Amino acid sequence: IFAACEKRKEIEHMNSTKNSTKNSTAFASAENVSAADELLDHLVAFRPIESKAIETKLGISEATITQVVLIGEDGTATDLGERPVFWQVVRRQLAKANPKTPWIAGRLVQSGPAYKLDDLTGPDASVVSKALESVA
């Protein structure tokens, strides 16, 4: 009798687990990806909008607010919207933007602790040009 009761409890547990799994919503935990991780070693175009002081966890920091476009190797443009850029070297590179040349593009690389945009090669320049035509 005891064995029969245990078997019945086991079957009831399996049935209740099966039902709760069937009715529950599947999910995955979100990954905490930094902007640098997302853009590192990719072709990226930045269109500076404004510079402003932003409150961060470390205090107030100067940032350049930019429109960011991630560019695939095939010239596909993914508009990532407006984002603050805090990287000092990249901000100096973005300062070269002007009304005639509003976009600054390159491959985001890390050099020691700093991030910078590497110059575009001939093939990369063609890819960036194609991508930005679709954004404009």
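**View 1. Overall fold of the protein.** Along the sequence, the pattern reads α-α-β-β-β-α-β-β-α. That comes to 4 helices and 5 strands. Helices (H or I, at least four residues) and strands (E, at least two) are DSSP runs, numbered from the N terminus. This is a predicted model: local features need pLDDT of at least 70, side-chain atom pairs count only at pLDDT 80 or more, and totals for chains, interfaces and linings use all residues. Residues are numbered from 1 along each chain as its sequence is written, and side-chain values use heavy atoms, with hydrogens and water left out.

View 2. The accessible surface is about 9500 Å² (Shrake-Rupley method, 1.4 Å probe). Carbon and sulfur atoms hold 55% of this surface. Among contacts (heavy atoms within 4.5 Å) with a separation of 6 or more, 53% join residues 24 or more positions apart.

**View 3. Helix α4, end to end.** Helix α4 covers residues 122-135, which is 14 residues.

View 4. Asp124, Val127, Val128, Ala131 and Leu132 are the buried residues of α4. Down the helix axis they fall within an arc of 130° (directions from the axis to the C-beta atoms), so they line one face. Their cover includes β1 (43-56), β2 (59-71), β3 (77-85) and β4 (104-111). Gly122, Pro123 and Glu133, on the other side of α4, are exposed (over 50% relative accessible area).

Note on methods:
The expected span of a helix is 1.5 Å times one less than its number of residues. Buried means under 20% relative accessible area, exposed over 50%, partly exposed in between (1.4 Å probe, protein chains only).
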